[in-house]
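Please read it alongside the sequence and the model.

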Amino acid sequence: MTTKAAAPRLQLRGIRKVYPSVVANDGIDLTVMPGEIHAVLGENGAGKSTLMKIIYGAAHPTEGEIFWEGQPVRILSPTQARALGIGMVFQHFALFETLTVVENVALALAESGKLADLSTRIEEVSRRYGLPVDPRRLVHSLSVGERQRVEITRCLLQAPKLLIMDEPTSVLTPQAVRKLFETLRQLAAEGCSVLYISHKLDEIRDLCHSATVLRAGKVTGQCTPANESPKSMARMMIGKDLTVCQHGAPAGGGEVRLRLSGLSHASDDPFGTDLRDVHLDVHAGEIVGIAGVSGNGQAELLYAISGEEPLAEKFPVQVCGVEAGRFGPAPRRELGMGFVPEERLGRGAVPRFSLAENALLTTHRAGMVKHGFIDFGAMQAFSKRCIERFDVRCGGTQAEARSLSGGNLQKYIVGREVLQNPKLLVAAQPTWGVDVGAAAFIRQSLIDLRNAGTAVLVISEELDELFEICDRIAVIAKGRLSIAKPVAETNVEEIGVWMSGLWPGADVTPEAAHA
Amino acid sequence: MDATSLITSILFATIVAGTPLIITALGELVVERSGVLNLGAEGIMAVGAVAGFAAAHQSGSPWLGALAGMAAGAAMSLLFAVLVLTLTANQVASGLALSIFGVGLSAFVGKPYESVALPAVPVLRIPLLADIPLIGGPLFAQQALVYFSWFLFAAIAWFLYRSRAGLVTRAVGESPSSAHAVGYRVIRIRYAATVFGGAMAGIGGAFLSVFYTPLWVEGMVAGRGWIALALVVFATWRPLRVLIGAYLFGGVMIAQLFVQGSGLQIDVPAQFLSSLPYLATIIVLVAISRNPNKIRLNSPISLGQPYRPDA
Amino acid sequence: MLSFEARAEPSVRMRYLAPLLAVALTLLGGLVIFAALGKNPVEGFRVFFVSPLKDGYGVAELLLKATPLMLIAVGLAVGFRANVWNIGAEGQYIAGAIAASGVALHVDGASSYTLLPAMVVAGAVGGALWAAIVAVLKTHFNANEILVSLMLVYVAQLVVSWIVHGPWRDPEGFNFPQTKMFDEAAILPLLVAGTRLNAALVIAFAALVGGYLFLERSFAGFRMRVAGQAAAAARYAGFSSARTVWTGLLAGGALAGIAGMSEVAGPMGQLTDHVSNNYGFAAIIVAFVGRLNAIGILFASLLMALLYLGGEQAQQYLNLPSSISMVFQGMLLFFLLGADVFVYYRLRIGAGN
């Protein structure tokens, strides 16, 4: 592949990046050879994104040197990075929804030419690398997988020498992941280097030639993934062994705490997904999971269940036996529902309010409001209890919500709901962006809750997580919900197929056949 | 007045009355397309009006007046841009501050000019075309700034939909973070758009005091800046609709003149007729806002949100 | 090269310093303006800022001017904290003045004890109704409240103009656009003899206290604050956004209406078409400079009242138009908006980062 004498394509030496509240990167060394697929491995908060921003020119290092093909460089802007031959596929795509694919690509390319010529080039490149995409379509009409293909095609049109992929598989089905890996291997064989950012150990072992492991901003290991086990890599990543959740036997068979019957609802977002005829029962003492690629109606389903988007009829959503479709969130909470939303800051918590005040968001019925006035003592006491019980690292009850790390804030929000002894808890992406320790804590909390008799519904894009904690699992695709199968009777492969909308009994429309 | 002359006069006056709205609203359209909400249009127009008047009076040239109005408008909006783009202050509060300050500043600076009259600016007749019956006068025998407003409309329509710079501007308005990731200088583009918008509002104000009624009175802008902002919403951020809307409003604004001038005996208080443009604005806003999806599909997604590139 | 760096936590020091900084910069700006206008800056400063307070009467005038500002600003703050942008307080003020005048002119023979409270209520209702139009249009049709409330200001000005030129014009008033002077019973009692300071100040203080309790201590106020900070969180918590809009607008409208009543039942003694001195807009500045809380609004109203009085003094003694007040008021708000940034961001001077 490459000889020892060839210069590395990219070399970082002693990269340090200091922000006011945290040292994001501390003395990082990294070497990538031509044609190498190099993983950057680390849990959330380890500093991977910051490092990539520096390589891509969207941030500047406080200290350290960068060498490109043996020469020292200062990468001051994304435009300069692109001129060097560095392409970046963003985790949260840098696309413009109201424009077409070809307009999006035109914006990214430095030259201005006729759009028709560009369309032809797009079709060529996308075909060559197995990423079919129609240049004339408006981006907002594309699925998440298709949007990623546009992102990648956009980079490939500039004949990059280094392609950075930031957590690319979180939005793909297992089958689509395999397709992506084929594309990346083809690129590497042609001499392009790939920097692959991920925390998914199995994928890294499958795809990458080498890996650099980051933890808390520092490099804690270099390895050849093929020679390692997931356990050894995990130890490098988090510094200790992964805690496995104590799953326990599913209780199941309790009363139905949440029933969705024929739930159909048009999305109020013009770019959203309509829900169609959703049926689901969640019983006390079980954890039901809903898997799915993002953008298939999860957000709409959650709005319908939580009451943030009340329905026209009361029948389709029943909470603890009461027809609650028309209720808003507050009456549903009174029936015993707790809810952990997917966005922490701005929805689950008010960023500039203290943790104590954020407790008031959903607990105001628990005796914290007397005659219309806030009982500050009760509010503080609750908040303190939540912080202690859920091991929330923070500056006390008065700390602003946004000063907490993702994992700690998530623990607080989960704790807030759990401490109200809900009969039904709905959690969306409960461990997204959360460090491994907090993620394990949260998952264990959900299991404990289930063991105590609560009905738990988890909606997540992380299949591994769902298989770890759920008793039954269903799939949402294009606004429709499959049946929920016991986890013991299925596997990742089958669920992956279902995520394309192809479960038994689903109507197979042409759009459902790709994801 | 016979019917044809009446229609011609109405058309003529409608076009003139709509002109300052077109110029200001088109400028604000570009600003909002880049994602910035500048509520200071009223104040900028006021400052443009007084600057234009002063310059025209001192120099004797209405064109210098228009230029002075433009410069004053650009300066005011530059101040706003520094506040909201560099200092990332709240856009709504800053725009309001600009309006209040602008109106007050213009009243203060304009005091000495209150009893001064400027010579009327003659129309620019386009030979042959101006002789067409009925519409010849209103369309082809107007002051030069009216023709400018039409040129501006064409230029902005071309800019937004056919030029690369316009595409970039629209992209910035939709998603500044994506635009930044792709390598565009978001703040710089927004500065340019904001100053352009202010310059246009300044010309719009100068039109009022130098061309429309060549005198200065405190409060003469009378809410046209706000109406121009409403126009942008009504037009769902598209230039052609701004043009149409501006003339509709222009028509409503001169309604009272024509009710009186036509000799119709309507027993309606003058104040009611004067309130028609404001009531019309409310009605129009209600009509266009009823369908929230329409707004969401057409408005620049990042409108009003402060953007902080965190390098 | 200047750049801004986010602070790890908002700076408490700057939070208190920023308004003071804004005031200082405004004073500095004032000196520059006086100099630019060919006046002695120190003299200008003295006439504008010091001479209005030279005696007890001056202080009473200060409090008198501050009263409507306090009232309106508290109401506006309730709305602004919830992201409900009521810009039409000027129109609601006028509506309240009209309503109160209606009661004063058409109720004969009543005593102060019944008439004045009735007028206060009428003022509040008038202002609230004018604001209710905005609320209805926003909650039912999603119409932008900034533009609608503003348009209604112009309409209110025209309505009052019509009323005092027409139906309510004083037949013995020599055709001036004004109503009859109100009876003794319809005039607010004075607090200090020999001045014009009246009982409306008490209402204003009550409004300040009420505003503080509402916003900082009540659950309803908490709901408003959440709505203003994070609309999605308010939705998640089940707080009704329609209720937020109504509360924000009615609070502003009612208090502005009471302020309007205090003017016609106070120094003016009648309804004319100069009933407003731009108080509705100045109160917006007061609300911001006062940081949308009761204590800040108290100080900011006094400061703004001083700027008003200074303008009048400047007109009399420096031969400057009284609209110079508005210039100062606008400057103050600008400087505050700029200074506020430093609460959350630190300035970095140097080459890149």
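## Strand S20 of chain A

A residue is called buried if 20 or more other C-beta atoms, placed from the backbone, lie within 10 Å of its own. The model to which this criterion is applied here is a predicted one.

By that criterion, five of the five residues of strand S20 of chain A, residues 455-459, are buried, so the strand is largely enclosed by the rest of the structure. A:Ala455, A:Leu457 and A:Ile459 point one way from S20(A), whereas A:Val456 and A:Val458 point the other way, and all are buried. In a regular strand the side chains alternate between the two faces of the sheet.

## Strand neighbours of S20(A)

S20(A) pairs with strand S13 of chain A, residues 287-291, in the parallel sense over four bridges, and within this pairing A:Ile290 has A:Ile459 as its bridge partner in S20(A). Strand S19 of chain A, residues 424-428, also runs parallel to S20(A) and is joined to it by five bridges, with A:Leu425 standing opposite A:Val456.

## Helix H3 of chain C

Helix H3 of chain C comprises the 25 residues 56-80, which at 1.5 Å a residue should span 36 Å, and the distance of 35 Å between its end C-alpha atoms agrees with this.

## Contacts of chain C

Where chain C meets chain A, 21 residues of chain C are in contact with 29 residues of chain A. The elements of chain C that give two or more residues to this side are strand S1 (2-6), helix H8 (219-229) and helix H9 (231-237), and the residues of this side divide into eleven nonpolar, five polar and five charged.

Towards chain B, 37 residues of chain C are in contact with 37 residues of chain B. Helices H5 (112-141), H6 (145-165), H11 (279-289) and H13 (324-344) of chain C each supply at least two residues of this side, and H13(C) gives the most, with twelve residues. The residues of chain C on the side that touches chain B divide into 27 nonpolar, nine polar and one charged.

Conventions: Residues are numbered from 1 along each chain as its sequence is written. Chains are lettered from A and ligands numbered from 1 in the order in which they are written. This is a predicted model: local features need pLDDT of at least 70, side-chain atom pairs count only at pLDDT 80 or more; totals for chains, interfaces and linings use all residues. Two residues are in contact if their C-beta atoms, placed from the backbone, lie within 7 Å. Ala, Val, Leu, Ile, Met, Phe, Trp, Tyr, Cys and Pro count as nonpolar, Asp, Glu, Lys and Arg as charged, and the others, Gly among them, as polar. A residue is buried if 20 or more other C-beta atoms lie within 10 Å of its own, exposed if 12 or fewer, and partly exposed in between; C-beta atoms are placed from the backbone. Two strands pair if DSSP finds at least two bridges between them. The expected span of a helix is 1.5 Å times one less than its number of residues.
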